[in-house]
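What follows is a guided reading of one protein model, written for someone who has not seen it before. Please keep the sequence and the coordinates open while reading.

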Amino acid sequence: MNRLATRLTLTAVALAASTTMAFAADPIKIGVDGPFTGGSSSMGVSMRDGVRMAVEEINKAGGVIGRPLQLVERDDEAKNERGVQIAQELINKEKVVATVGFINTGVALASQRFYQEARIPVMNNVATGSLVTHQFDDQPENYIFRNAAHDSIQAPMIVEEAIARRGFKKVAILADSTNYGQLGRADLEKALELKGIKPVATEKFNIKDVDMTPQLLKAKEAGAEAILTYGIGPELAQIANGMTKLGWKVPMIGSWTLSMANYIDNAGPGGEGARMPQTFIQEPTTPKRQSFIVNYLKTFNPKNSRIDSPVSAAQGYDSIYLLAAAIQQANSTEGPKIKAALEDLKTPVVGVVTTYNKPFTTKDHEAITANIPVFGEVKGQRVVYAYPEDQKKASEVRVKDAMAKGSLPAKK
């Protein structure tokens, strides 16, 4: 009898072990594509860390449809050709069911066609180029989604801040030469045109440029009262430093990337006062945001208790919960079924940026509308609320409003 009991116990242990091994061997693979090295890395690493946090929480709670999530992370180095290689690897070799990420608009536009052809959903959680979710508008289905504030929202906000709120009549645009910078510049020009204003100077610069003197002198000589920017942290810092060297200081108002750590740190005192649209500011204004900030700081211990790119981290985190909700609802890892679930999510997803209540439809793959972002300002080497009224109302979660005004018409 004892021998039989022992045999039964051993059999039960073996079955349990094999079940655990089967569960562990059958994860749901999700690709993570972003720049984890180079000038865009403060965005990429923050995004990746937010994604990791969300996956750890979901797996601790039992995973999705009874399976753990497994991340397949790749560093695209902010290079379009590298993004293309990664897309093919993640689809063909790793067999991911979806991919999150894309920091750089150019990388997104170069890479997305492979996912579109494979019918695998992409959740852009940082790239903001207006064209990103409209790249395949001519096709019957669209597998590209986004939970970041696109540039057709940000450009009018920047112009409204400069022209209407602060009363500047003469503004210059400084934008980098990438897809991100040039598409953003075009959005700024369109938003200015709607106000009846032409920029007094429009200047371009390249990634890794360290001397912005020629561009700044043209803006200064044209009488610019403010600089409107579209670029990323290191070069934006060179604009601020260039103004300091020239002894000419006018406000910088630009896209959300003025919140990057490598802008704030490299510009130092000269970077103070810069303003930019933000979907998330690192302040514990709701229980969800407080929990997110506490866990992020505890897990990753960033310098000065400041997330390098709070927006990227929060949107990265939320992107995983949106995908997980779709997979759970679809009860499937098939791309078309996940896409269909994303377009008709039945249950609200409580995120860090917002509560996502039916964030997508078949015709609308943008989770963020113009009523959600607020203005941040660099103050004391971190980003804070630019306006006290936004700070006071920060505990009231701003939710998607498809009728919200302020966005440029969608690009086709």
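A residue is called buried when its relative accessible area is under 20%, exposed when that area is over 50%, and partly exposed in between, with a 1.4 Å probe and protein chains only. At 0% relative accessibility, A54 therefore counts as buried. The model is a predicted one, in which local features need pLDDT of at least 70 and side-chain atom pairs count only at pLDDT 80 or more, while totals for chains, interfaces and linings use all residues. Residues are numbered from 1 along each chain as its sequence is written, and side-chain values use heavy atoms, with hydrogens and water left out.

A54 sits in helix α2, which covers residues 41-60. Helices (H or I, at least four residues) and strands (E, at least two) are DSSP runs, numbered from the N terminus. A contact means heavy atoms within 4.5 Å. Leaving aside residues up to four places away in sequence, A54 touches Y317, I320 and Y321. Between the C-alpha atoms of A54 and L90, which are 36 residues apart along the chain, the separation is 20 Å.

The next stop is helix α6, residues 179-194. Q182 is found in this helix, and Q182 is buried because its relative accessible area is 18%. A polar contact is a pair of N or O atoms within 3.5 Å; within protein, one must be able to donate a hydrogen and the other to accept it, and residues adjacent in sequence count only if both atoms are side-chain atoms. The side chains of Q182 and R185 are joined by such a contact of 2.7 Å. Not counting residues up to four places away in sequence, Q182 touches A175, D176, S177 and K204.

Helix α8 spans residues 233-246 and holds E235. For charge, Lys and Arg count as positive and Asp and Glu as negative, while His and the chain ends are not counted. For E235, the nearest side chain of opposite charge is K208, 8.2 Å away. The backbone of K208 is another matter: its nitrogen lies 2.8 Å from a polar atom of the E235 side chain. Beyond residues up to four places away in sequence, E235 touches F205, N206, I207, K208, D209 and M212.

Side chains of opposite charge can pair when their charged atoms come close. In this model the count comes to 25 salt bridges. One of them joins R119 and E141, with the closest N and O atoms 3.4 Å apart. This pair links distant parts of the chain, since R119 is in the loop between α4 and β4 (122-124) and E141 is in the loop between β4 and β5 (144-146), 22 residues apart. R119 is partly exposed, with a relative accessible area of 40%, and E141 is partly exposed at 29%.

Another salt bridge is formed by E160 and K195, with closest N and O atoms 2.6 Å apart. E160 lies in helix α5 (residues 151-165) and K195 in the loop between α6 and β7 (201-205), so the pair ties together parts 35 residues apart in sequence. E160 is partly exposed at 35%, and K195 is partly exposed at 38%.

D390 and R398 also meet in a salt bridge, at 3.1 Å from N to O. D390 is buried, with a relative accessible area of 13%, whereas R398 is partly exposed at 30%. Elsewhere, salt bridges that share partners join E161, R165, R166, R275 and E377 into one network.

On a 1 Å grid over the protein atoms alone, a cavity is a set of points where a 1.4 Å probe fits but cannot get out, and a pocket is an open set with protein on both sides within 12 Å along at least five of seven lines; lining residues have an atom within 4 Å of a point. Grid points are joined across faces, edges and corners, and a volume is the space filled by probe spheres set on the points.

The second largest pocket holds about 480 Å³. It is lined by 28 residues, of which S40, A78, N104, I207 and I232 are the closest to its centre. Helices α4 (105-118), α6 and α8 each supply at least two residues of this lining, and α4 gives the most, with three.

There are two cavities of 30 Å³ or more. The largest cavity has a volume of about 170 Å³. Its lining consists of 14 residues, and R289, I372, V374, Y385 and R398 lie nearest its centre.

How values were computed
A salt bridge is a side-chain nitrogen of Lys or Arg within 4 Å of a carboxyl oxygen of Asp or Glu.
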